[in-house]
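Morning, everyone. Please bring up the model on your screens, and then we'll walk through it.

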Amino acid sequence: MESSSAAPRRRIVVVVNPHATSVDRRLRELVLAALTSRYEVAVADTTAPGHARELAAAALADGVDAVATLGGDGTLNEVADALAGSDVALYPLPGGSQNVFAKLLGLPTEIVDSTARLLELADQWPHRQVDLGRANGRAFAFSAGVGLDASVVEHVDANPKRKARWRQWYYAERGVGVFLTDYAWRAPRIRVEQDGAEIEAITVLVQNGEQFTYAGDRPVTVCRDVTLASGTLAAALILTGSPLRAAITATRMLMTSGGVTDGHSTMTLGPLTELVVRSTGERPLPLQLDGDFAGNHASVRFTIEAGALRVLAPPVSAPPVSSPAVSSPA
């Protein structure tokens with residue numbers, strides 16, 4: 001193996017969301033200072049939704065070796081969309097409330113440890129290819145949803161200060177409120193089209209990784225037998241029925257880690273390479289991608305783009321390696 005001094009100084013761009021839950025100026029400067037010891041580093045701050053995608057596309061055109069995100073899964077989502085199909089690797093530095101994608105990759109979710117890991121990876125430069133889901137052509141890295149969870153995300157995103165302060169507890173509080181006001185009596189009617197069959201549902205959750213999301217450190221799994229490299233998606237449906245049963249079902253899905261089983265209120269579909277959902281009424285369907293609200297749609301077509309994203313991470317089977325020391329802010 002080459003020594004650290006002989007290893008090439010690779011070029012990386014760090015896309016920073018300065019408004020992300022765990023990002024402040026002092027942390028930003030600490031991370032950037034550490035990375036310049038091993039990389040040629042450029043930094044770009046986002047200023048609005050969609051800007052991270054533009055910054056990553058510019059970095060790709062400039063021929064960088066990798067793009068790191070310092071923000072939440074929403075920032076990562078935009079960068080992954082821009083880098084899809086390229087040889088430029090993505091590395092997620094944890095700056096959000098959950099950092100689901102980093103957890104799925106087996107990367108550290110504490111910022112100092114994650115920065116140290118990125119420094120360590122400069123020598124051997126390991127990477128692997130993972131799948132990206134698509135919803136009406138827009139990428140998602142690990143999960144998407146139509147219905148109740150997307151409505152909750154819309155309400156949470158509308159109050160970023162409470163989201164940053166209360167994290168998963170604010171999601172829970174908004175979930176109760178959204179259900180009582182928008183779903184208890186007039187839930188959207190969704191028609192799921194799969195292999196010529198039509199299924200009526202009020203919520204559809206689509207998974208492209210081992211977990212749908214995390215509640216703190218606890219994994220939330222709604223579908224089984226799907227991974228970031230399986231080449232397929234899986235979906236869990238909350239079926240039409242009594243509002244109370246739907247509420248209990250949604251709560252159970254998000255509080256257990258064993259996955260959803262088929263029953264009176266739920267159904268699972270998979271493995272999937274395509275899934276189409278449509279509104280059967282005038283009410284459009286709310287959509288969330290990787291925990292960010294993605295608008296309302298008359299219909300949503302989910303597809304999978306196998307191996308579309310290169311990530312800077314050791315193979316899944318690789319044992320953990322020690323991290324070089326990086327100073328933490330005092």
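Start with burial: of the 330 residues in this chain, 53% count as buried. Keep in mind that this is a predicted model. The accessible surface comes to about 14,600 Å². Carbon and sulfur atoms hold 53% of that surface.

Now the overall make-up. The chain has nine helices and 17 strands. Next, contacts along the sequence. Take the contacts with a separation of 6 or more: 73% of them join residues 24 or more positions apart.

Let's zoom in on one pair of helices. Two packed helices are described by the angle between their axes and the distance between the axes. Our pair is H2, residues 51-61, and H3, residues 73-83. Their axes come within 8 Å and cross at roughly 40°. The crossing of H2 past H3 is right-handed.

Which residues make the contact? From H2, we have His51, Ala52, Arg53, Ala56, Ala57 and Leu60. From H3, we have Thr75, Asn77, Glu78, Val79, Asp81, Ala82 and Leu83. By type, the residues of this contact are seven nonpolar, three polar and three charged.

Stay with H3. Is H3 buried or exposed? Count the residues: 11 of the 11 are buried, so H3 is largely enclosed by the rest of the structure. Buried here means under 20% relative accessible area. The buried set includes charged residues, among them Asp73, Glu78 and Asp81. Gly74 and Leu76 are on the buried list too.

Last stop: just after H3, find Gly85. Gly85 takes a positive phi of about 80°.

Technical notes: Residues are numbered from 1 along each chain as its sequence is written. This is a predicted model: local features need pLDDT of at least 70, side-chain atom pairs count only at pLDDT 80 or more; totals for chains, interfaces and linings use all residues. Side-chain values use heavy atoms; hydrogens and water are left out. Axes are lines fitted to C-alpha atoms, for helices over the stretch in contact, and angles run from 0 to 180 degrees between N-to-C directions. Helices (H or I, at least four residues) and strands (E, at least two) are DSSP runs, numbered from the N terminus. A crossing is left-handed if the near helix is turned anticlockwise from the far one by less than a right angle, and right-handed if clockwise. Contact means heavy atoms within 4.5 Å. Buried means under 20% relative accessible area, exposed over 50%, partly exposed in between (1.4 Å probe, protein chains only). Accessible areas come from the Shrake-Rupley method with a 1.4 Å probe; for residues, only the protein chains shown count as cover.
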